[in-house]
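The explanation after it is meant to be read beside the coordinates.

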Amino acid sequence: MADLYEYVPPAEWKTLNALEGFGTNSIPRTDGLAGRTFAVTYAEGTTNTYTFHDADRLTWDAGDEAYAAREVLDDVFLVDFMVAGAPGTAVVLVLDLERAIVTAVTSTVGDGEIAVSEVVEHGTLEGAAPGARHERTGAMVGRRVQYIYDADHAYEHVYLNDSTYAWHCIEGAEKGQADAEPTLAYEIRPDVYLFTWRERVVPCDGIVVIDWVNLRNNGRIFGWDTADEAYNSIRMGARAVVLNTTEHAPLT
């Protein structure tokens with residue numbers, strides 16, 4: 001008897017480099033950081049200085065990098081780069097110049113059930129209010145959202161709780177694949193969030209700014225492509241359609 005289930009076994013999942021066509025609905029890169037330097041003091045007591053020489057290159061305490069920046073809100077920049085001196089490591093910065101605060105996420109590919117680890121650091125620039133930071137939030141919980149990357153790629157997300165979400169590929173290279181992954185969410189502004197997830201099957205993580213005011217997301221997926229045996233960072237952006245919001249019924 002034929003198997004009635006259409007579940008795609010993990011051994012047949014597409015590898016990272018099959019994820020093409022994700023940049024069509026991304027907001028354009030910006031050169032708005034070019035020529036500027038930011039000295040960041042992190043909550044753990046460390047410091048880092050980021051100098052953006054032009055629209056493509058920056059230097060920081062760990063070296064010289066190729067980067068991309070997008071202005072996801074007025075005076076809020078999403079910056080991403082792979083670390084040239086540490087293969088398998090990538091950094092995402094949320095430079096919130098309006099509030100003079102920074103959130104940095106460092107992703108590292110390793111081993112284990114969830115191959116990519118993340119370290120989140122909160123920092124301040126000169127002029128930040130005492131204690132200011134992007135705070136963890138559960139405000140996304142209960143929403144079901146469809147993200148449309150281009151005419152051929154779409155996913156739905158269901159935000160289950162403040163540390164887990166489920167995704168399902170509606171159309172595209174991963175059509176038929178679905179999973180639930182560990183997540184982090186930080187509020188940048190009301191209804192605008194920094195959101196990260198780490199995948200269990202494909203050795204990668206995703207970091208995006210989800211903007212439900214302007215109905216879009218922008219970010220990148222980073223990890224190890226097991227077919228090509230190479231690290232890759234795929235920048236992406238999507239239109240967002242909020243399908244519904246679930247509120248759980250009371251128990252009594």
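Predicted model: local features only at pLDDT ≥ 70, side-chain atom pairs only at ≥ 80, totals over all residues.

Residues are numbered from 1 along each chain as its sequence is written, and side-chain values use heavy atoms, with hydrogens and water left out.

A pair of aromatic rings is described by the distance of the centres and the angle of the planes. Here, rings of Phe, Tyr and Trp (its six-membered ring) pair if their centres lie within 6.5 Å; planes under 30 degrees apart count as stacked, over 60 as edge-to-face and the rest as tilted. By this rule there are 17 aromatic pairs. Trp-60 and Phe-81 are edge-to-face because their ring centres lie 5.3 Å apart and their planes stand at 70 degrees. This pair links distant parts of the chain, with Trp-60 in strand 3 (residues 57-60) and Phe-81 in strand 6 (residues 76-82), 21 residues apart. Strands (E, at least two residues) are DSSP runs numbered from the N terminus. Trp-60 is buried at 16% relative accessibility, and Phe-81 is buried at 2%; buried means under 20% relative accessible area, exposed over 50%, and partly exposed in between (1.4 Å probe, protein chains only).

Tyr-159, Tyr-165, Tyr-193, Phe-195, Trp-197 and Trp-212 form one aromatic cluster. For Trp-212, contact (heavy atoms within 4.5 Å) extends, beyond neighbours within four places in sequence, to residues including Met-140, Tyr-147, Tyr-159, Asp-191 and Val-242.

Tyr-42 is found in strand 1 (residues 36-42) and is buried, with a relative accessible area of 4%. A polar contact of 2.7 Å joins the side chains of Tyr-42 and Tyr-50; such a contact is a pair of N or O atoms within 3.5 Å, where within protein one must be able to donate a hydrogen and the other to accept it, and residues adjacent in sequence count only if both atoms are side-chain atoms.

Asp-211, in strand 16, is buried at 2% relative accessibility. Its side chain reaches the backbone nitrogen of Val-213 at 2.9 Å. Asp-211 also touches Asp-191 and Arg-216, among others beyond four places in sequence.

Which backbone angles deserve attention? Most residues other than glycine have a negative phi. Asp-191, however, has a positive phi near 65 degrees; Asp-191 lies in the loop between strand 14 (178-189) and strand 15 and is partly exposed at 24%. Leu-215 likewise has a positive phi, of about 55 degrees. Leu-215 lies in the loop between strand 16 and strand 17 (216-225) and is partly exposed at 40% relative accessibility.

Note on methods:
Helix = DSSP H or I, 4+ residues; strand = E, 2+ residues; numbered from the N terminus.
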